[in-house]
Amino acid sequence: MRARAGRTAALLLSPSLLVLGLVVGYPLLAAFRESLHRSGDELDADGFVVTGDRFVGLDNYADALGSRFWTAFGNTSFFTVTTVAIEVVIGTAMALVMHRVIRGRGLVRASILVPWAIPTAVSGLLWRWIFQSDGVANQVLATNLLWTSDGWAARIAVIIADTWKTAPFVGLLVLAGLQLIPHEVNEAARLDGASAWQRFWRVTLPLVKPALLVAALFRLLDALRMFDLPFVLVGAQKGSVETLSMLAWSEANQVRYGPAAAYSVILFLYVVVIAFVFVRLLGTDLLGDKRKASA
């Protein structure tokens, strides 16, 4: 009976697996193959000019692990940890506001979700105008910082812009989790004498944890691939904000497809490892939990 159910499940899943294999599996294999080759004119060991694609093995990966790579790797990790942490806190606060407000609830939810609905490129241009030398940010803070040039100011500008745009996404997912909590649970805790903070920390937060972890995981994977916001806001080849995606684009833009593919494969492996560790450590493997419960 189980074997028959398994065959039926495999048959029903086969179209989806086929589509995933075509749109995900094949590009990954093609990128890995490209990362093992190098194109252009070079001199071989005998001093002759070699033209066209050449198999170089892991040379592209060895050449990729230079100072520029580690700078981009550090920027990617820094932006990921910083923005996700801030967005989880602010997004949870937004969800609590949207969940508790009574009058004008629809207007409040719509206004909070507006930044998330704006395309990232448009958001980057908007914040670029704000962070100009004569922009609103310098006028409000009474400073003359060059936010979009380079250095720590550019990093802060990227963090602010990314938080403004994507914190509502976290708030939306957490709000969905809050709406699944029965009102009687919080009411019972209140009648037992629990304070507002105790109700949030011991009742609301544990019950909303699955939705919060899913939101954090989605944002984690998205932040690791950050490209368009720092590219539009600050610009390309700026050491303080250059990420791994921007580094791969820079190599491809200079027709060095082999090194660009190597950077892309490294980024893919980095994302896979982080996602696996996140799922294992924080217990978002719902299927695994169900198996343990059934056992």
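1. Helices here are DSSP runs (H or I, at least four residues), strands are E runs of at least two, and both are numbered from the N terminus. The patch covers about 1,100 Å². Its members include Leu13, Leu17, Leu20, Val24, Phe268 and Val272. Helix H1 spans 2-35 and helix H12 spans 257-282; each supplies at least two residues of the patch. A patch is built from residues with over 30% relative accessible area and no salt bridge; like charges are joined within 9 Å, and nonpolar side chains (Val, Leu, Ile, Met, Phe, Trp, Tyr) within 5 Å.

2. Keep the source in mind. This is a predicted model, in which local features need pLDDT of at least 70, side-chain atom pairs count only at pLDDT 80 or more, and totals for chains, interfaces and linings use all residues. Residues are numbered from 1 along each chain as its sequence is written, and side-chain values use heavy atoms, with hydrogens and water left out.

3. How confident is the predictor? The pLDDT (its confidence in each residue, from 0 to 100) averages 83 over the protein chain. A score of at least 70 is reached by 90% of the residues. Residues 284-295 have a pLDDT below 50. That stretch has six contacts in the model beyond near neighbours in sequence. A contact means heavy atoms within 4.5 Å.

4. Now the whole chain. It has 13 helices and four strands. Of its 295 residues, 36% are buried. Buried means under 20% relative accessible area, exposed means over 50%, and partly exposed lies in between (1.4 Å probe, protein chains only). The accessible surface is about 17,600 Å², and 68% of that belongs to carbon and sulfur atoms. These areas come from the Shrake-Rupley method with a 1.4 Å probe; for residues, only the protein chains shown count as cover. Among contacts with a separation of 6 or more, 66% are between residues 24 or more positions apart.

5. Leucine 20 is found in helix H1. Is leucine 20 buried, partly exposed or exposed? Leucine 20 counts as partly exposed because its relative accessibility is 47%.

6. How many salt bridges does a search of the whole structure find? There are eight. A salt bridge is a side-chain nitrogen of Lys or Arg within 4 Å of a carboxyl oxygen of Asp or Glu. One of the eight pairs glutamate 242 with arginine 68, with the closest N and O atoms 2.7 Å apart. This pair links distant parts of the chain, 174 residues apart. Glutamate 242 sits in the loop between helix H10 (228-233) and helix H11 (244-253), while arginine 68 is in helix H3 (residues 67-100). Glutamate 242 is buried, at 5% relative accessible area. Arginine 68 is partly exposed, at 29%.

7. Aspartate 222 is partly exposed, at 35% relative accessible area, whereas arginine 219 has 3%. Salt bridges that share partners join Glu87, Asp162, Arg219, Asp222 and Arg225 into one network.

8. Valine 234 is in the loop between H10 and H11. Valine 234 is buried, at 3% relative accessible area. Leaving aside neighbours within four places in sequence, its contacts include Arg128, Thr148, Val158 and Val241. Serine 123 lies in helix H5 (residues 120-130). Its relative accessible area is 0%, so it is buried. Not counting residues up to four places away in sequence, serine 123 touches Ile118, Trp164 and Lys165.

9. Last, the record. The unreviewed UniProt entry lists "transmembrane region" for residues 78-98, 110-131, 151-178, 199-221 and 260-282. UniProt positions are given in the numbering used here, feature names are shortened, and annotations may be inferred rather than shown by experiment. In the model, residues 78-98 are 100% helix and 0% strand, with end C-alpha atoms 30 Å apart. Residues 260-282 are also 100% helix and 0% strand, with end C-alpha atoms 33 Å apart.

Terms used
pLDDT = per-residue confidence, 0-100.
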